[in-house]
Each structure stands twice: as C-alpha cells, then as structure tokens.
Amino acid sequence: DLEEAAPPRHELYAAARAPARPLDTMSFQLLLLLTVVALCYVAVVGYATADVKAMFDSQDELIQVGSRYLSAMMLGTTAAFALHSEHVRRKAKLLGWGIVVMFFTSDMKWNKKTLPDPDDIKKLNINEKKQKRVIFIRHGESLWNEAFNGSKLPHKFSYQVRSLDRFIQWIASEKSYRPRRDETMAEWARARHQPISRTPTPTTQTEYANLTHLHNTNATNVRPTQVIKALIGEIMMLPLFDSVLFDSPLNAQGFSQAKILSRTLDNYVSKGDKKSEALDDDVAAMRGGHNAPTSVLVSSNLRRAAQTLFVSHWKRLTTTGETVKIISSLQEISRNVDTLVLCHAQKPVPLPGVSECLDLDGAVPLGMQDCVDNKGNKPLFGTGLQRLEEFAEWSFTRDEDVIIAAGHSLWFKHFFNTFLGKSVKTGEDNPASDARDCKVKNGGAVGFNLECGKLADGRTWYRVDNESIEIIEGGFDNAKKQKKAAKKAAKEAKKLKKNQ
C-alpha cells in the first residue's frame with residue numbers, strides 16, 4: 001500500500017544532475033595550472049645552472065627574477081579562480097570564519113555544575129511529565145576522522161595511510177570503494193585488493209559485519225600521510241561546492257557503516273518476547289510502516305550526518321515518500337572547522353557520494369529535505385547547551401512517538417551528560433554509564449526514553465531514563481574503558497595477592 005502511494009521519483013532522478021567529482025572540470029583545470037606553475041619554477045631553477053645565467057649579473061639575480069614571476073603567476077591564478085568561482089569565495093569566508101571560531105567560540109563553555117539534576121523529574125507524578133522515545137544515529141566515519149583521528153604518536157600519525165593505488169584512486173574517484181547493494185563481501189574485497197581468505201562466507205549479516213575492519217589495512221611501505229591526502233583533496237576541490245575539511249563528508253568506511261545499519265534494519269527478526277520489546281519497537285520505528293510506532297527522521301545540517309541517514313533509511317524514504325527534517329540544533333559541539341556547514345540557511349544539505357553508494361541513476365532529489373529549521377552555522381558566542389535544550393524542546397513539539405536523529409559523537413555525549421541523572425556514575429559497566437563516558441560508535445544507533453517536566457523553580461528540564469537505553473546497532477565505543485577497567489582490576493588483584 002505504501003509503495004503504491006509513493007511519488008514517482010524516477011522522474012526526479014532523471015532530471016537531477018549528478019554531483020561533480022574531485023577531478024572534474026574546474027578541479028582539473030586548477031591542477032593543470034598549478035602543474036604549469038611548478039614546471040615554470042623548475043625551468044627557472046634549471047636555467048640558473050645553465051649558460052643563460054650570463055645574461056644576468058649573478059645566479060641570485062636570476063632566481064630572484066624567476067621568483068617574482070612565480071609569485072605573480074600564483075597570485076594571478078588564485079585571483080582568477082576567486083573571481084570566477086563563487087565556491088572559492090565561499091570557502092575563503094569559511095576559512096576566515098573557521099579561524100575566528102577556533103580561537104573565540106564559546107560553543108563548549110557552559111557551567112555544568114549549576115545545571116539541575118534530571119533525576120528531579122523522576123519524582124514528578126505521571127501526569128506532570130511527558131515522555132518521548134528518541135533514537136540517536138551517529139554518522140559514519142568522515143574524511144576528517146580518517147585524516148586526524150588516528151594515533152597521536154608521531155611515528156604512527158605520520159604514516160597512517162592506505163596503499164598507493166588506493167591513494168591514487170581516491171584522488172580520482174571514491175565510487176569504487178563503496179559497496180553496492182548487490183555486492184557480496186568477496187566481490188567488495190577483491191575490488192579493494194584484500195585477501196579473499198579474510199572474507200567470511202557471504203551471508204546477509206556476516207558479510208558486512210567485518211566490512212569496516214578490512215578498510216583499515218595499512219600499506220607495507222611508507223606512503224603519503226592521510227593529512228597530506230586530505231590537504232591535496234581540499235586543493236583539488238577548491239573550485240567546487242565540496243570540501244574535505246569543511247563540513248567533512250563520509251569516507252568509504254563511513255558509507256560502509258551506513259550500509260551496515262541499513263542491512264541490520266532489513267535483516268532484523270523480532271524475538272517477540274518481553275525482554276526484546278523495546279528493541280523490536282525501535283527497529284520497527286526505524287523501518288517505518290503501518291503497524292510501527294509513528295516516527296520522524298531528522299538530521300544535523302552537516303553533510304556526514306545527512307549522508308548516513310539517507311543511506312541507512314533509503315528504503316523507507318522511497319517507500320513512504322517522507323522528507324528528512326534538517327535542523328541546526330543538532331550541529332556538532334566543537335571548535336574544529338569540520339563542524340562548519342557548507343550550505344546556507346534554509347538550503348538543502350549537499351549529499352556527495354550518496355547516489356553512487358545507492359546505485360541511483362541521478363543525484364538524490366533536493367526535495368527530500370525539509371530545511372525550514374536549518375538556520376545555517378552555529379553562532380560564535382552561543383553554547384552547545386542552548387542547542388541541546390532546543391532539540392529537546394523541539395522533540396516534544398512533534399506529534400510522532402519516536403524521534404530518529406542523525407548527529408555527532410560529541411553532541412550525543414554532551415546530551416547524555418546533561419540529561420542523565422546524577423545517580424548515573426562514570427566507570428561502571430552498564431549502558432547508562434557508557435553513555436556518560438563514551439562516544440557512540442560510527443554508524444551506531446542507540447534508543448532511549450526522554451522525559452520532560454517542570455521543576456520546582458518553574459524551569460522546564462529533561463531527563464534521559466537510564467533504564468530505557470537500548471543498543472540497536474554498534475552501541476558505545478567502550479573498548480578503552482573496558483581495557484582500563486581490566487588493567488585496574490588486574491593491578492588490584494596483584495596488589496591483594498602480594499599483601500596475602
């Protein structure tokens with residue numbers, strides 16, 4: 001019934017223009033111009049060692065004249081692209097704004113000690129508080145994560161790279177790294193030059209269970225660093241409405257993680273018992289349908305969150321014909337430039353790579369996004385707390401039973417730390433404590449009940465019911481926490497044994 005009611009999207013796909021890739025049109029021209037400039041510089045240096053240097057008083061004078069010509073050519077090239085491309089001007093403004101934000105933002109500065117205890121809402125009568133089910137989906141890994149979130153040890157940070165052939169293919173196109181809907185794990189592994197012996201027997205759940213681990217195979221030889229790769233990609237995307245660093249999009253692994261979530265929802269089988277009732281309802285809400293709890297899909301105005309939501313819920317979106325709400329209150333809490341949005345206020349979020357990942361005939365129609373609540377970039381002197389409260393307030397204005405929100409790790413962590421009761425302690429081995437201590441995994445989904453009520457001082461406040469937290473996919477990245485706890489337990493056991 002829902003399929004019959006779905007709008008004819010094939011007409012929209014045919015009219016949609018495919019997104020430009022890094023080496024298309026103006027990016028190639030820019031690379032060509034920079035190559036010409038570099039060759040001119042090499043020629044000047046070469047002439048400095050040839051007999052033509054006799055035309056000048058000294059070799060230094062020749063190099064000085066050549067350097068002036070080089071500077072003029074570089075300045076002319078930059079000015080030409082700045083005047084010709086609106087995207088270059090937009091990125092120049094973002095760069096300046098990013099520097100200001102990095103040094104002066106108050107996004108993470110609020111007094112957490114003065115906030116009310118959310119457990120006060122627990123004491124209210126049932127008719128004095130409201131409840132809403134919320135599901136958080138963290139975006140998949142981004143190009144920023146790939147470049148900057150590895151080991152911080154100098155010898156590892158400098159050489160966290162992929163093989164040279166994958167580096168070259170990444171420059172040209174990332175399409176070959178994204179698993180197709182009908183692609184088996186073995187086919188995907190062969191395309192990425194991975195050993196087939198590492199590939200499990202292709203089954204719907206198993207074949208993608210280890211998908212992200214295969215992506216992390218490092219080169220045996222020293223290659224260009226991920227940071228250099230990101231910077232080269234940024235230069236090549238300069239004339240395009242695209243970026244590696246600003247509003248960083250998903251990388252190949254991020255798309256894989258979004259596909260894993262999609263397949264988890266497709267292949268989930270309800271257990272039908274009381275213990276799994278909450279999980280059954282969450283998955284049903286994410287799938288959508290007549291018998292499922294009513295729900296709304298909402299995303300941050302950053303590209304990686306919207307990309308993850310569209311890839312993981314594409315089947316639902318094309319079946320129901322609904323739109324994704326883009327709201328700026330979900331924008332990440334950080335001072336990094338990857339948290340600055342490329343799109344303008346009340347404009348749709350660009351979705352590079354989504355159509356390739358989903359094997360669509362054209363780009364994702366922009367009409368699938370509802371951008372009324374997209375206010376653009378976060379204010380310089382605002383705080384993340386304001387956006388946390390704004391999202392919670394917005395959730396209770398909705399009529400749907402479930403809010404499905406795609407967002408970011410630090411935003412989610414701040415949300416849990418703000419609205420989990422003070423009775424939830426850190427360092428404990430349970431989902432509520434993990435929510436306070438750890439980030440949600442890339443591509444992970446977590447559901448919980450959010451309560452709303454008025455405190456004694458008349459202030460409206462919110463509480464995350466710690467007993468209602470349900471892991472749908474991935475969960476919290478608590479590996480370091482568990483390792484630390486195990487090390488501490490071993491140390492205490494050793495100390496106890498020594499005292500005996």
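This report describes selected helices, loops and residues of one predicted model.

## Basis of the description

The structure is a predicted model, in which local features need pLDDT of at least 70 and side-chain atom pairs count only at pLDDT 80 or more, while totals for chains, interfaces and linings use all residues. Residues are numbered from 1 along each chain as its sequence is written, and side-chain values use heavy atoms, with hydrogens and water left out.

## Helices α13 and α14

Helices (DSSP runs of H or I with at least four residues) and strands (runs of E with at least two) are numbered from the N terminus. Helices α13 and α14 pack at an angle of about 115°, with their axes 10 Å apart; the axes are lines fitted to C-alpha atoms, for helices over the stretch in contact, and angles run from 0 to 180 degrees between N-to-C directions. The two helices are therefore roughly perpendicular to each other, a label given to angles of 65 to 115 degrees, whereas those under 35 count as roughly parallel, those over 145 as roughly antiparallel and the rest as oblique.

In this contact (heavy atoms within 4.5 Å), α13 contributes Leu 261, Leu 265, Asp 266 and Asn 267, and α14 contributes Val 283, Met 286 and Arg 287. Val 283 and Met 286 are also among the buried residues of α14, which spans residues 277-287; buried means under 20% relative accessible area, exposed over 50%, and partly exposed in between, with a 1.4 Å probe and protein chains only. Just after α14, Gly 288 takes a positive phi of about 80°.

## Two loop residues with positive phi

Asp 247, in the loop between α12 (226-236) and α13 (252-267), has a positive phi of about 50° although it is not a glycine. Gln 346, in the loop between β3 (324-326) and α17 (354-357), likewise is not a glycine and has a positive phi of about 60°. Asp 247 is buried, with a relative accessible area of 0%, whereas Gln 346 is exposed at 53%.

## Ser 329 and the cysteines

The loop between β3 and α17 also holds Ser 329, which is buried with a relative accessible area of 3%. Leaving aside residues up to four places away in sequence, Ser 329 touches Arg 387, Glu 390, Phe 391 and Trp 411.

The structure holds zero disulfides, a disulfide being a pair of cysteine sulfur atoms within 2.5 Å. Cys 357 counts as buried at 0% relative accessibility, and Cys 438 counts as buried at 8%.
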